[in-house]
Amino acid sequence: MASSHHPPSHRTHVPFPSNSGGKPLDNEAPMVPIHIVTNASQLPVEFLNPSPERPLVVGFDCEGVDLCRHGTLCIMQLAFPDAIYLVDAIEGGEALIKACKPALESSYIKKVIHDCKRDSEALYFQFGIKLHNVMDTQIAYSLIEEQEGRTRLLYDYISFVSLLADPRYCGISYQEKEEVRLLLRQDPKFWTYRPLSELMVRAATDDVRFLLYIYHMMMEKLNQRSLWYLAVRGALYCRCFCINDNNYADWPSVPPIPGSLYFSLLPSIKVMWHMHKVVGFYWLVHVSPCSKSRVRILLPPNQQRKDHLEGNAPEEEILSILDVPPGKMGRIIGRKGASILSIKESCNAEILVGGAKGPPDKVFIIGPVKQVRKAEAMLRGRMVDLY
């Protein structure tokens, strides 16, 4: 799959889970080339031309200056099992990044990323790319924690460094990340300099080369319900800061509840379904209001437990955006975040603000419909108190 005009001068290990259960940095991890890409022809054909016959899973990340709608995208990293590609947006320009648009928007290429929001915002406003079909490891981590019965605070988002350090997923130290963060604080234009230094190549590579390993470790843990939430939240997080005037009509639709989870929703929809236990098995029974006829569905073996059907139905999730009166965001957030934190603790929904990067005067709420509406009401109440 690797493609390049020139032999690569850099190489690295790309760990991959093995049957022996080896660690990410063991001797089994193959050495692969690192390609610095300045022309689209250096990228794999399978990536540039997505196809249902050749689905791909790639590690993905972006580096830049103040990465958001107004910042500068400098490098886009792609991790394949057999190569790393550092797509140089400075040297290759807009044409190179737009050549990647079909892949980044494709349903046939899954992009594994940690915290997709700002990368998606930069791609959308700078290049018109609607990032789609992501597997966000930050979201996946939270879902696994919930699935395994551990409570996560809604304002507690795991960093990539902490995720790498978790022995369940990688168990490695990434101290160099902190060194690069220090350099970025000292010189925000760090990623604009060319040619790329050894440190820049290594830091950009390290941000993606473990993602495929983490992806496989997480996919082994996620159940079907969590996988659906992962897809839905990934779609909502991708569009979160990408505000437009058509209510995201030109974006891919949010994944619907799959048929395998549909049974658990039947008792709550408007048609009259009832659950009956007959001869030791659970059935869903629909009584037609007009003809009084009955339709019975025998639940599959993996859905025979009553607690699967009652109180555990997956809920539709949405993104809501609230406008805040100009100059009042500080009052909404409260001293040291106390006001918005109290709302988060009262609602099972994510509440995000743009912060210094913007967008200003807006609050973003993601979660189940009822919880989002609850958060909206509390936030609006807080706005009324401001006058």
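Guide: What follows is a set of questions about labels, each settled by setting a value against its cut-off. The model is predicted.

Visitor: What makes Asn133 count as buried or exposed?

Guide: Its relative accessible area is 18%. Buried means under 20%, so Asn133 is buried.

Visitor: Where is Asn133, and what is its phi?

Guide: Asn133 sits in the loop between helix H4 (117–127) and strand S7 (134–136). Its phi is positive, about 60 degrees, although Asn133 is not a glycine.

Visitor: Why is Tyr248 called buried?

Guide: The relative accessible area of Tyr248 is 9%. The cut-off is under 20%, so Tyr248 is buried. Tyr248 lies in the loop between H10 and helix H11 (259–262). Tyr248 also has a positive phi, about 65 degrees, and is not a glycine.

Visitor: How do you know that S4 and S5 pair?

Guide: Pairing takes at least two bridges. Six bridges join strand S4 (residues 72–80) to S5, so the two strands pair. They run antiparallel. Two residues separate S4 and S5, which form a hairpin.

Visitor: What makes S2 a partner of S5?

Guide: Strand S2 (residues 31–37) has four bridges to S5, in the parallel sense. At least two are needed, so S2 and S5 pair. Ile34 stands opposite Ile84 in S5.

Visitor: Why is S5 said to be covered on both faces?

Guide: Side chains in a regular strand alternate between the two faces of the sheet. In S5, Ala83, Tyr85 and Val87 lie on one side, and Ile84, Leu86 and Asp88 on the other. These residues are all buried, so both faces are covered.

Visitor: How is the packing of H5 and H10 described?

Guide: Helix H5 (residues 137–147) and helix H10 (residues 224–239) pack at about 145 degrees. Their axes are 10 Å apart. The crossing is right-handed. Contact residues include Leu143 of H5 and Tyr229 of H10. The contact residues divide into six nonpolar, three polar and two charged.

Visitor: What is the confidence of the chain?

Guide: The mean pLDDT is 85, and 80% of the residues reach 70 or more. Over residues 288–293 the pLDDT is below 50. Over residues 302–310 the pLDDT is also below 50. Where pLDDT is low, the predicted coordinates should not be read in detail.

Methods
Residues are numbered from 1 along each chain as its sequence is written. Side-chain values use heavy atoms; hydrogens and water are left out. Buried means under 20% relative accessible area, exposed over 50%, partly exposed in between (1.4 Å probe, protein chains only). Axes are lines fitted to C-alpha atoms, for helices over the stretch in contact, and angles run from 0 to 180 degrees between N-to-C directions. A crossing is left-handed if the near helix is turned anticlockwise from the far one by less than a right angle, and right-handed if clockwise. Contact means heavy atoms within 4.5 Å. Ala, Val, Leu, Ile, Met, Phe, Trp, Tyr, Cys and Pro count as nonpolar, Asp, Glu, Lys and Arg as charged, and the others, Gly among them, as polar. pLDDT is the predictor's confidence in each residue, from 0 to 100.
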